[in-house]
Amino acid sequence: MNRRMYVFLMLALFLLAGAVAAQEASTTIYAHLTQDFDILDPHVTNTTLGYQLAITFYDRLVAMDDDGNIIPSLATSWEGSGADALTLTLNPDAVCADGTPLNAEAVANSLSRMGANDTGAPFVYRTLGGAAGATEERYSVSHDNDAGSVTITMHEPFGALLVGLAMPWASIICPAGIDNPDLLIEGPQGSGPYALAESVRGDRYVAQARPEYTWGARGTTTADEGFPQTLVYQVVDNETTAANLFLAGELNIVTVSGADFDRVAAAETFAVNGYSFGAQWLQVNKDEGLIGTDPAIRQAIFKAVSRAEYLDVGFGGRGLFTNTFVSPLALCYDEGLDAVYDEAAGFDPDAARQILADAGYATGADGKLADADGNPVVLRLVDYGRAGAEAAELLILSLEDVGFTVEPHIVEFGGYLERLLRTGEWDVSILGVNPPVPLPSAMVGYFSGGGAINTASTANATFDAEFAQANVTAGDESCMHWSNAMRALLEDLEFKPLFSEERTYFGQGVEFTLFNNYTGTWDPITTRIVGE
Amino acid sequence: MTSSQALQRHSADSGTLARLTSRLGPWPRFLLKRAASLFVVLAMLLALTFLLIHLAPGDPAVRKAGIDASAEQIEFERKALGLDQPLPIQFIRYVQGVARLDFGTSFITKQSVTEILQQRFPRTFQLAGTGLLIVMTVSVPLGILVGALTREGRNRRLEVAFMSLTSTSSALPEFLTATFLAFIFAVTLNWLPVGTTQKSTAIILPAISVSLRPVASLARVVRLETLNVLAQDYIRTARSKRLPTYVIFTRHLLPNVLTAALTIGGLVFAGLLGGTVIVENVFAWPGLGQRVVDAVFNLDYPVIQGIVLYFGVIVVLINTAVDILLALVDPRTLVLSE
């Protein structure tokens, strides 16, 4: 071989290697995981990271489209509803990643295990209706292998059962995982589009597309053009580092906030915005003997605080105002309650001062309020600084502006939870919850019952009666009851709704949608690699 | 027993110990004293890490049970964690657990802390070890070189430049260096990766970040030691004998300077381990530092306890090893420790 031929061959080999490398790179994407997962058991996980991995490795019976409509997934069709019984016919092609056919019996076993008390699934009550607690008695499951169908019979009707079945915790676990739940701790046992190829805890999780996967929602198969064949989840706790990785081209999908959001947004890449299904709200502790039991005090607090300013200062104006404890995107949201909100809790410091004066609170020469005995009206504000020190300062100044004496307790998250959940040593706080399910029923525990999460000790008989009716009815009737329930909370000054936080996922070289429009997760099924 | 009797007994015991140790040679006496101080430090470390869970605000049972948990579930978790027991019982159980290398389970990831330590320490060790390599290979030659060039008031400009540069570098906190390096070399120039441990070059920026401060500090120490040695009579004697410069440097200067450098090197390694805590977060390096910061934000007490104890034990062991090494290299240390 002469020298020229040798050089030519080497060059050809080099180019070929480059082409192969480029080919490999084009089918692999790197996605940001903001934290390590807790457990890969989709029924049991209670973190959004757990959900993200669950929707990568598992299927659900139904899915949700971009408009919030229920569409087929593992179940190709269904009859009935959660009002009594729901029968779902399954896709016969579905096979678990370990090769086991996913027949009706396997699906029924997974559905039974999901709500079994021994499973300890924390959020399955949101699928089956009712408050948090034991769910085993709320339903039963039967199957017909020949017909390829499963039937869920509700012992307590729940109109939004189908929506609940689209949730990550309602993922279908394959027989190997049902038989041996220990396998689910760190390894998925699902029928989803990906199988776990490599796992390095706290560092990365490599998911490999299953070539046989043809039963995805929206008719998705892993052979679809642009479907990522390898999906690498990179655990990056620090948002600044995640932003750096994204800007350096080492991550394809990222979600960041604050100053890092501005940096990444400036790159003008693909972006998907979403709003929390839940909301943030201002609440006053109504424990017996506390000042918050006085409705005048509550209303003055609510009217003293501008939610628009709080959103600007704490969240860069990125949010959607709501008139209740769920976002305007949730089912049964009633815009008609805006007027009730304005009347009860809309920002109006002058009205706040007048309400306090009418209730007998006098303002001294120092501008501070005092009760009938001349004692200053002190509010213990507890916050953990999630929205930043400036937002907490805004709250303090707003309350002081109408005459309250504020005793701030800006603590870290543990101290915040301690006060809210256990000691009750607080008067004013802001609470925010972002459930993956767009149903008001997911949030009732924060405003009803004796659970620890009813932190403000709300006890509103009208609300309790109306949401109970809303849970057992469906459609417009259910929505009417929800509207009545939420109206009662506003009129009785139980809380001040603020806003639903906006969250953005950035993509480079990829396009995707949010899973079920939920801001905690993006959807691997809809993700496609696009040209540079 | 009265207090005076107790005092007499204690004096008698101390006297017995003193008599016993006096019969031993200097090495056994030295090792015995080191072992005793090691025991005391480890006991204090155990007590401090145990108290961590009690002094930190927030209820670990609430953290473990989750925000949605009922009062019964929280109480169940409190019992499961043993927090319903008196403090001394809890401490005994903690010590027993540590003796079995059982540090508990992470509230967040449900992994055993021992498993976390096993998985992540090699990464931290890799980073700190690479950092130490950089420190020793850069600071020793640099310090000797600048020391030699600036001896006896020569090259004032070089001395000022060296002092300014090393002062600035040793004052830079690791997070600032790391963020700066990441922004310049990874994000802007795209020469090196920000994180992604799959790439072999991924360690370069984190290792430079953790080593910059100790490089500057050690280079100053080595320079001073070089100046000190070069001013010694035996060096003058060597020069007057017209020994070649490389012989003076390699046979007379280097061994003396290296003794000081190695002594500090052990302590530098302990410092590098601490430095990794922030740097690992900036570069998404999956070591113990990244994990402990994550645990602090999530109030994952068993992980915090386990990692703090682990780091503490390593630092204490390194310090002890340095003491022993010093005694081996320079037996005068044995006399000084008496």
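Which strands of chain A does α3(A) lie across, and at about what angle does α3(A) run to β6(A)? I'll answer that after the conventions. This is a predicted model, where local features need pLDDT of at least 70 and side-chain atom pairs count only at pLDDT 80 or more, while totals for chains, interfaces and linings use all residues. Residues are numbered from 1 along each chain as its sequence is written, chains are lettered from A and ligands numbered from 1 in the order in which they are written, and side-chain values use heavy atoms, with hydrogens and water left out.

Now the answer. α3(A) lies across β5, β6 and β7 (149-154) of chain A, and runs at about 170 degrees to β6(A). Helices here are DSSP runs of H or I with at least four residues, strands are runs of E with at least two, and both are numbered from the N terminus. Axes are lines fitted to C-alpha atoms, for helices over the stretch in contact, with angles from 0 to 180 degrees between N-to-C directions.

The sheet itself is open, with four strands in the order β4-β5-β7-β6 (chain A) and antiparallel pairing. Its edge strands are β4 (75-80) and β6 (139-144) of chain A, each pairing on one side only. Two strands pair if DSSP finds at least two bridges between them; β4(A) and β5 (residues 85-90) of chain A have five, in the antiparallel sense. Glu79(A) has Thr87(A) in β5(A) as its bridge partner.

Next, the cores. A nonpolar core is a set of buried Ala, Val, Leu, Ile, Met, Phe, Trp, Tyr and Cys residues joined through side-chain atoms within 4.5 Å; buried means under 20% relative accessible area, with a 1.4 Å probe and protein chains only. The largest core has 115 residues, and Leu61(A) and Phe404(A) are among those touching the most other members. Helix α3 (residues 104-115) of chain A supplies the largest share, six residues. A second, separate core of 75 residues includes Leu251(A), Ala182(B), Ile235(B) and Phe283(B).

Last, chain B. Chain B has 14 helices and zero strands, and 43% of its 338 residues count as buried. Helix α11 (residues 245-282) and helix α12 (residues 288-297) of chain B pack at about 85 degrees, with axes 7 Å apart. That makes α11(B) roughly perpendicular to α12(B), a label covering 65 to 115 degrees. In contact, meaning heavy atoms within 4.5 Å, are residues including Thr276(B) and Val277(B) of α11(B) with Leu288(B) and Val292(B), among others, of α12(B).

Methods. Parallel < 35°, antiparallel > 145°, perpendicular 65-115°, else oblique. Buried < 20%, exposed > 50% of the residue type's maximum accessible area, 1.4 Å probe, protein only.
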